[in-house]
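Hi there,

Here is the structure I promised to pass on. Have a look at it first, and my notes on the charged side chains follow below.

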Amino acid sequence: MRRTKEETQKTRKAILEAAERVFFAQGIARTTLEQIARAAGLTRGAIYWHFQNKVDLINAVHAEVHLPMEEVFFRILDAEDADALRRLEDHCAASFAQLHSDERSRRVYGILLLKCEYSEEMSGLIERLRVSKERVTVELEDFFQRLQKAGRIGSAAQPRVLALGLYAFMLGLYSDYLRYPDLYRIPEDGEALIRHFFAPLKVGAKAGESAA
């Protein structure tokens with residue numbers, strides 16, 4: 001009997017939810033598709049119906065949480081208006097607040113940032129993350145260049161360094177919070193840290209241009 005679209009989506013959702021739990025509990029390297037199938041109450045064949053391999057499954061788990069925020073992020077970078085820098089700052093603060101408030105976000109980013117062991121098996125995932133970083137930093141560099149030409153950030157700023165710096169700053173903030181959440185007061189600390197990164201970029205801030 002052919003599966004209905006609703007049944008297919010329900011099975012896919014069950015696999016993704018089980019994968020999140022098992023990956024988070026055991027780490028990626030120690031998790032097998034058989035274990036995920038058992039946790040989902042399915043057969044391993046059901047997983048292969050939806051996903052090619054473990055890396056494909058991890059990518060899907062990540063996309064469920066990451067893509068909605070990523071779409072907003074790239075829309076901000078495409079903007080040409082005077083509020084674009086402020087909206088990027090607000091988006092960074094909102095994404096960190098979501099990490100704190102949303103258990104699923106913490107679980108998924110915890111898997112990727114703390115429980116993704118480097119191995120040959122994970123080479124496809126590692127390459128995808130590298131490509132994603134390259135895209136983000138290239139788009140950020142272009143964004144900062146446009147702001148600079150419009151006189152909205154200091155003329156001494158280096159757009160490429162700003163792009164790399166913001167990426168590294170947010171990655172480090174996510175990783176450190178996931179590792180030591182009890183050392184942060186949220187949302188106050190997250191907002192303050194992100195404001196400190198962006199404050200020097202604004203035209204008229206004397207210390208700002210050295211932040212590049």
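**Salt bridges and a lysine**

R107 and E20 join their side chains in a salt bridge, with 3.0 Å from N to O. This pair connects distant parts of the chain, since R107 sits in helix α6 (residues 103-114) and E20 in helix α1 (residues 5-26), 87 residues apart. Both R107 and E20 are buried. Please keep in mind that this is a predicted model.

R107 and E20 also belong to a network of salt bridges, together with R12, E64, E103 and R104. The count for the model comes to 15 salt bridges.

Another one pairs D90 with R195, where the closest N and O atoms are 3.2 Å apart. D90 is in helix α5 (residues 84-101) and R195 in helix α9 (residues 188-198), so this bridge ties together parts that are 105 residues apart in sequence. D90 is partly exposed, at 31% relative accessible area, and R195 is partly exposed at 31% too.

For a local example, take E34 and R38: their closest N and O atoms are 3.8 Å apart. They lie four residues apart in helix α2 (residues 33-40), about one turn of the helix. E34 is partly exposed, while R38 counts as exposed at 55% relative accessibility.

Polar atoms of the K54 side chain lie 2.9 Å from the backbone oxygen of I28 and 2.7 Å from that of T31. Beyond its sequence neighbours within four places, K54 is in contact with residues including F23, L33, E121 and M122.

Best wishes

Technical notes. Residues are numbered from 1 along each chain as its sequence is written. This is a predicted model: local features need pLDDT of at least 70, side-chain atom pairs count only at pLDDT 80 or more; totals for chains, interfaces and linings use all residues. Side-chain values use heavy atoms; hydrogens and water are left out. A polar contact is a pair of N or O atoms within 3.5 Å; within protein, one must be able to donate a hydrogen and the other to accept it, and residues adjacent in sequence count only if both atoms are side-chain atoms. Contact means heavy atoms within 4.5 Å. A salt bridge is a side-chain nitrogen of Lys or Arg within 4 Å of a carboxyl oxygen of Asp or Glu. Helices (H or I, at least four residues) and strands (E, at least two) are DSSP runs, numbered from the N terminus. Buried means under 20% relative accessible area, exposed over 50%, partly exposed in between (1.4 Å probe, protein chains only).
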